[in-house]
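The model is shown first.

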Amino acid sequence: MGIAATEKRSIGAFIWDYLTTVDHKKIGILYILGGGFFFLLGGLEAMVIRIQLIEPNNDFVSAQTFNEMLTMHGTTMIFLAAMPIIIGLMNVAMPLQIGARDVAFPFLNALGFWLFMFGGILLNLSWFLGGAPDAGWTSYASLAMDSPGHGVDFYISGLQIAGAGTLMGGINFIATIVNMRGPGMTYLRMPMFAWATLITSILILFAFPALTINLFLLMFDRMFDTAFFNVNLGGNQVIYQHLFWIFGHPEVYILILPVFGIFSDVFSTFSKKRLFGYTAMVFATMLIAFLGFMVWAHHMFTVGLGPVANAIFAVGTMAIAVPTGIKIFNWLATMWGGNITINAAMHWALGFIPSFTIGGMTGVMLGSAVADYQYHDTYFVVAHFHYVIIGGTVFGIFAGLHYWWPKMFGKILNETLGKITFWLFFIGFHLTFMIQHFLGLMGMPRRYWVFLEGRELDLGNFISTIGAFFMAAGVIVFLYNIIHTAIKGEQAGADPWDGRTLEWSIASPPPYYNFEQLPLTRGLDPLWIEKTEGNGKIVPGEPLGDVHMPNGSILPFLMSFGFFVAGLGFIYQVDHWLGYIALYGGMAFAIGCMIVRSLKDDHGYYIPKEELEEALVEREAD
Amino acid sequence: MSIDHSLFPETMPSNPERATLEGKNKFMGLWFFLGGETVLFACLFGIYIALKNSTAGGPSSTDLFGLELVFFMTVLLLSSSLTSVYAMYHMRNNDFKKMMLWLGITGLLGIGFLACEIYEFAHYIIDYDFTFRSSAFGSAFYALVGFHGGHVIFGISWLIVLMIRNARRGLNLYNAPKFNTFSLYWHFIDVVWVFVFTVVYLMGMVS
């Protein structure tokens, strides 16, 4: 068996394998590990914020540390935790779902991961090198320009590198879905998660360049004394806000659309029904993505763009509630009359619907430009976006992890522990953030280090902090669950959930080439069709033959390392000439790696037909 | 089908750049990449338009720009797009030598364009003291035109690496997609220049 041989290899070979891998499943696992690490880090930062605010006039941390904590909490959770874990799940599941052997650009896929990882490490190095960024996750030019020290420079370099990685991931997924769908897998037969991946990738492609440019402008202004945001020389700081939200608003849909896909798959699998209104769901996703680019200025109602602009953006914002409502009702209708299994993944999905709907409702409230003057920069906004990002994205990530864990690792996460995690997290989440709506309406501004006694804010903040501890406890139980499952978990078969889509038709974990023969898709939910109309096995869509595979490479790792060093160089060249050595050295190294990649032919290799035949015979025997 | 089959030019299909799955992926991937690049340049154009009158007492666009040099640069870059089309035409006819010849001309025209641009920037900096730092207009101008120039530098370096690497081995199904993606990228740079020419220089002369 291949697996036994894997276990015998040394630790060094194992690490080398992961450093050089171009296999989408392994890269997906790396993304989830990296994202999970940063999720814990961001969670710790959140705990510091909540402990500081447990009582009025608290002095648990200094004002400066508090600013750094809230900046890093937001930045880490969005760029380094939520998005990478989602991209990880996409990497693991999407190629299997569309019946592909790999992604379109396996090398680029690895490069994307390592850029994200080194970008994240660079950003977090700031904690040890003179202080983290402190201008908020939005890092508005007004604040960022005046922030002393190197904190904001780390924000710029770290996000620039991580963002480049994300952009590559997006291009890779689009090309994969457009070019590499298996035989019979038409667009309207793709599972919702594959659709969500496609549309999210398009959002990444068109949104991230705006961030790239914005970070460049901020870098030029901070490090090279240009005048984009320098009002004395005719600069304009509102440009930063526009560009940030032209990126930033699609970004929130980048976070939420993939989990809509996950929930769609989870609801239909555990209700034993095909997704209700599949086509409507696809078009609702497209509509949300399209409208997502049209509403950025609703983050800027109080800037003073004028009543006409505010009115247009307010109407656009409220229009997004329509396709989102379509989705909510379709999920409910999918469950209606279904044969429902309520397991851990389904808990998260069921908890998502009311939580996310509350967040959507406050979103419509915030979308009203007139009322927004009251809510702007208060805890009401904080409560709103945590309801959509935790109640949507984080719940979706947990659902997705429970759902695909057996496919990734061959073991089912413990159901009881999963349910305990859910209830701790769910109760803690509502305890933390429900009360924050009212704190906000009572006038508590966001991002404040302390609040005063006797303003009737004490109890609300106390409850909120207690809730945060419940969420932390839930995450700890989940970590225990992972260890428990790894040691004692039951072995999962190929299809533990009685699944409907192609990924459940192959072994768990899948062989490195995914499919011996590319599967033939005969309709939506192809495996379910074969279960109900065929013999329960997927029909091959091609004759057995040699399979072409890409070679592994250490270059993505080295290239990202080069950019990491160059990023450090950019930060420190303002202080010392040694910075230039790092800058030019790192760049030269990274570009050198690119040239090596270009000069050295990489034809990949072929898995001989005989090996695949053996695997097929073995599978038949099971 | 073994990989070696793809390396025999005699048996190559008429569209070698898109005959393999890798080729198709590269073709598709580069188009999507250009989609992202479009947004990148759109942002820079937006910034430029917003800041072009913020001269902070320094030189303005009417003081600086002269259309003669820019016209010459435009001719160079637009012709280089045409020559890269010729190169791709010869690639599809499996005429490696002519392809390399036209690619070489493309590269030379690109270098000519770049030389003019460097001269132009030096002229502004030395004679007008107009730099990246002198005003918001200066920052926006050098950011937009400089980003375009940076893309030209990248394109020329890419072309040189491609030509040297493949100089002795001719065309095959492995490197044909590489030449083709370069050519697409080069067209994109050219299209962006058309907008730079219009928005920066023509509109700058009018106002």
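Two residues are taken to be in contact if their C-beta atoms, placed from the backbone, lie within 7 Å. The model is predicted.

Q: How many residues of chain A are in contact with chain B, and which helix gives the most to that side of chain A?
A: The contact joins 32 residues of chain A to 28 residues of chain B. Two or more residues each come from helix H7 (151-179), helix H8 (192-224), helix H9 (238-271) and helix H20 (578-599) of chain A. With nine residues, the element that gives the most is H8(A).

Q: How do the residues on the side of chain A that touches chain B divide into nonpolar, polar and charged?
A: Two of these residues are charged and eight are polar. The nonpolar residues number 22.

Q: What is the relative orientation of helix H4 (residues 63-97) of chain A and H7(A)?
A: The two helices pack with their axes 12 Å apart, at an angle of about 20°. Angles under 35 degrees count as roughly parallel. Therefore H4(A) and H7(A) are roughly parallel.

Q: Which residues of H7(A) meet H4(A)?
A: On the H4(A) side, the residues include A:Glu68, A:Phe79 and A:Met90. The contact of H4(A) with H7(A) divides into 11 nonpolar, five polar and one charged. The residues in H7(A) are A:Gly151, A:Tyr155, A:Leu159, A:Ala162, A:Thr166, A:Gly169, A:Phe173 and A:Thr176.

Q: What distance separates the end C-alpha atoms of helix H16 (residues 415-441) of chain A?
A: H16(A) has 27 residues, so at 1.5 Å a residue it should span 39 Å. The distance between its end C-alpha atoms agrees, at 39 Å.

Key
Residues are numbered from 1 along each chain as its sequence is written. Chains are lettered from A and ligands numbered from 1 in the order in which they are written. This is a predicted model: local features need pLDDT of at least 70, side-chain atom pairs count only at pLDDT 80 or more; totals for chains, interfaces and linings use all residues. Helices (H or I, at least four residues) and strands (E, at least two) are DSSP runs, numbered from the N terminus. Ala, Val, Leu, Ile, Met, Phe, Trp, Tyr, Cys and Pro count as nonpolar, Asp, Glu, Lys and Arg as charged, and the others, Gly among them, as polar. Axes are lines fitted to C-alpha atoms, for helices over the stretch in contact, and angles run from 0 to 180 degrees between N-to-C directions. Angles under 35 degrees count as roughly parallel, over 145 as roughly antiparallel, 65 to 115 as roughly perpendicular and the rest as oblique. The expected span of a helix is 1.5 Å times one less than its number of residues.
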